[in-house]
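Please look at the structure now on the screen.

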Amino acid sequence: MDFFLEVLIAGLLSGVMYSLVALGFVLIFKASGVFNFAQGTMVLFAALAFVSLLESGINFWISMLLTFGIMVLLGLAIERVVLRPLINQSPITLLMVTIGLSFFLEGLAQALFGNQVHALDLGISDDPIFLADYWENAPDILISSFDIFAALTAGLLVAVLALFFNKTKHGRALRAVSDDPAAAQSVGIPLQHVTALVWAVAGFVALVAGLLWGSRLGVQFALSVIALKALPVLIIGGFTSITGAIVGGLLIGASEKLAELYVGEWFGIGGIENWFPYVLALVFLLFRPNGLFGESRINRV
Amino acid sequence: MIYREAGQFKTTYADDASMLPLREDRWFIWGLLAVAFIGVPLLANDYWIGAILTPFLIYSLASIGLNIITGVAGQLNLGAAAFMAVGAFSAYNFQLRIPELPLIINFLFSGFIAAGVGVIFGLPSLRIKGLYLAVTSLAAQFLFEWLFTNVEWFYNYVSSGSVTPAPMDVFGIAIDTPISKYLLTLSIVAVLTLVARNLLRSRIGRQWRAIHDMEVSAEVIGIKMAQTKLLAFAVSSFFLGVAGALYGFTYLGSIEAAAFDLHQSFIILFMIIIGGMGSLVGSFIGAAFILLFPIFMSQVMHATLSGVVDQGMLGNLELLIFGALIIFFLIVEPAGLARLWQVVKNKLRMWPFPH
Amino acid sequence: MSDGSMRMSAIEELNRADTNAEAMDAVDSKGCLAGQTKVIGDVLMSADDISLSFGGVKALTNISINVREHEILGIIGPNGAGKSSMLNVLNGIYHPQEGVISFRGEKRRQMKAHQAARQGIARTFQNIALFKGMSVLDNIMTGRDLFMKAGFWSQALYWGKGQRDEIEHREKVEAVINFLELQSIRKTPVGRLPYGMQKLVELGRALAAEPSLLLLDEPMAGMNVEEKEDMCRYILDVNDEFGTTIVLIEHDMGVVMDICDRVAVLDYGKKIGDGLPEEISSNQAVIDAYLGVAH
């Protein structure tokens, strides 16, 4: 039982990290209707840029700021060069363009920053916490303090974003654009500014995700593959819901670890977590084609 | 004015509906076939045949398969390589466990197994549309990658996970030289291309294009969604499966799960995007482009910047340029190189006049 | 569809008749060939007590509509009245929450789209629903889909039935193309055609299915006077020569008065009038609806 709890909690915390990546997807999808396949590569790009700056001797905080700047510029460039010409194309075309973009960014990142794996030390300890140390009747489990830090960061980010979307004027503009770009324009909302803003924020989210994941796994190509896991998260949580991204992330993180443990043990084979989230998402889709929190669209014929 | 339709009248619908209505086109295709079947084996060297032409044919076949489901029927499939893997591993296991099975029948059966798998993974498409369907194909991709890596039965418990197919023969003729492998591949690809062409210009092709463009309209005409979609999955997966079997048997000479990863799926997707989605000719053009481009690039790099650019960097540049090309084509010419080819043909019709 | 082949050869007859000047003069204002009066049969299709809502929006409320065989029924009403929704219900695209639909005596809770097609109901859409990637010829060929019976293999090898299907149905489609005078553009991708021509192609696709009931959703929207006259002529010809029952949504009152045998009026999802064109044009409720009198 204790082991189960430990795995569960580890899974949930890992799920929070997935949510972070999923958040980036949701932002961009909400604002421009594009599923940004390149989000994962953007995470990698951010992490690589940061690490390279750090390793060339620049101060931690300044590196962070510079990387943020780079990500914002990158986002703006993407919006201008890649997305704007394709404004009215089908979602599938847009998806394929972002696949191309992910290849491009991957090549670019590795060309600029090199192919090796970099270690990333954020200065956060990863000492395991024995719950029993803090709480009398706690179950006998270990929790990674790094994971807790990550969870808290993600939570903070989500809270800030939620506030931004619901309470600020820009957030409202964003929601308007995602609902109906033409109507938003007719009310005077500057479409391109909003889209640029979104990509900048998504870039920032990618940076945070990149830093957290990078320090956990080391900064390497595998980071961009993590992003693919975000897809099941979005399926379950809905493409347009921030809450959904969180819930979905938790669900995927937990179920993936548990499946690895129990299903893997039953078959005696490892690697279950590579495909389990997708199959889970698939099953979900069969019952709720629009996800848990997504909106279904009514088409006029 | 070399290439024009003027003077070629069709007096029956049968003539008008024929595959190659223009005399010049017929000559071109017959010429091409002559070069492929006779010229190449006589003139080309082993490197070209084994390392360029054979994989070109195989990738073209895979592209045709992906084109059928994604280009024509409009159902996004991001896991093409997984279906190739199913074909490859089926062929290997058939050969291993039923050695008397003739090679061609083996490939056919492997194709059918891939088709069956395709139908299963196509079932969700009846409920799920568009973007969400991408998840299904990714699920297939990762599931099969895992399956063929971890379930040892598939690769006969060989510790490295990579297996070698036994020597092949067709009707008693051994297939062990690059030329014989090439000819085998060429024959299979030629026949299947013909089948694809026939399907696309018949009622099935129209049904597939109908469900791509407008599902509601298609239903209103009486097209049965489920059957049409599942048939598209089946046929497309059949083509992919056979391509996979050929990939392992006649090109690589070995079969392993790692050869059919997500990257491979994306490469095939790129082939059909660059070649032109839904275009049969485009499948070939796209495959040629993506195969030849890296070779071309490394030659250019060698000639101009030798020493400056190393292997790793070359790989990165490749990614960069492919990505950029995808973006470019989708923005500028979504109909791909096939459209450019048509433009060239149109110019030829008028040459030497400008319009 | 036993009189299908009769209909097709009748189209060919009509093509010949068209070029015959006397035949043109003999057509009276209702498009009927001189000397023949149209016989309107029994109820072909009816929708009783239909209620349809989307989310919270009620599109149709307790509507009952029927159309008799061989007649041309017009459906008119202000924008948003639910006319297209009504057609979509008849056709099986929308499924009403309440009500019964019956076609040729068979009662159903709802129609399924491909069932409708198989039973001989064809339609056109307000916002053209052609297959943009295909040529005119291919689009109209898709209309023949239900008649093409060749199996997968004979299509894959393009021999036997597969090949014969293509040729035979090509002939039928050419008859439709001749009828609608689309010969010069038969190989053009429909996406390149002007709006008016696209509407004609859509009509062609519906006709190719040799329907017994044709549902037309604003077939003349966006057309100029000449195109409208052509379209009217085609509609009347189809109704007259093959006895096809036609339900027509239209905004142009002149057209409605001229070609429809009967008119139903919808407003806010309810039926507010049903009768002969002359009766409807003097019906106060109808006039109020159009003038926007508060009610």
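This is a predicted model: local features need pLDDT of at least 70, side-chain atom pairs count only at pLDDT 80 or more; totals for chains, interfaces and linings use all residues.

I begin with helix 2 of chain A, which has 17 residues and reaches 24 Å from its first C-alpha to its last, close to the 24 Å expected at 1.5 Å a residue. Helices here (H or I, at least four residues) and strands (E, at least two) are DSSP runs, numbered from the N terminus. The expected span of a helix is 1.5 Å times one less than its number of residues.

Residues are numbered from 1 along each chain as its sequence is written, chains are lettered from A and ligands numbered from 1 in the order in which they are written, and side-chain values use heavy atoms, with hydrogens and water left out.

To return to helix 2 of chain A: 15 of its 17 residues are buried, so this helix is largely enclosed by the rest of the structure. Buried means under 20% relative accessible area, exposed means over 50%, and partly exposed lies in between (1.4 Å probe, protein chains only). After helix 2 of chain A comes A:G57, with a positive phi near 100°.

Helix 2 of chain A also takes part in the second largest pocket, to whose lining it supplies at least two residues. How much space lies in that pocket? The second largest pocket holds about 730 Å³. It has 33 lining residues, and those closest to its centre are A:V225, A:I226, A:L228, B:F142 and B:L262. On a 1 Å grid over the protein atoms alone, a pocket is an open set of points with protein on both sides within 12 Å along at least five of seven lines, whereas a cavity is a set of points where a 1.4 Å probe fits but cannot get out; lining residues have an atom within 4 Å of a point. Grid points are joined across faces, edges and corners, and a volume is the space filled by probe spheres set on the points.

Which element gives the largest share of this lining? Helix 10 of chain A does, with six residues. Chain B contributes as well, with helix 6 (131-150) and helix 11 (262-275) each supplying at least two residues. By class, the lining of the second largest pocket has 16 nonpolar, nine polar and eight charged residues. Ala, Val, Leu, Ile, Met, Phe, Trp, Tyr, Cys and Pro count as nonpolar, Asp, Glu, Lys and Arg as charged, and the others, Gly among them, as polar.

Let us turn to chain B. It has 14 helices and two strands. Its radius of gyration is 21 Å, close to the 20 Å that the globule rule gives for 355 residues, so chain B is as compact as a globular protein of that length. The radius is taken over C-alpha atoms, and the rule is 2.2 Å times the number of residues to the power 0.38. Of the residues of chain B, 53% count as buried.

What of enclosed space? Seven cavities of 30 Å³ or more are found in the whole structure. The second largest cavity has a volume of about 50 Å³. Helix 5 (103-122) and helix 6 of chain B are the elements that give two or more residues to its lining, and helix 6 of chain B has the largest share, three residues. The lining of this cavity has five nonpolar, four polar and no charged residues.

Finally, chain C has 12 helices and 10 strands, and 54% of its 295 residues count as buried. Is C:F131 buried or exposed? C:F131 is buried, with a relative accessible area of 0%. This residue lies in the loop between strand 6 (121-124) and helix 5 (136-143) of chain C. Leaving aside residues up to four places away in sequence, C:F131 touches residues including B:M214, B:I221, C:V190 and C:R205, where contact means heavy atoms within 4.5 Å. By contrast, C:M257 in helix 10 of chain C is partly exposed, at 29%.
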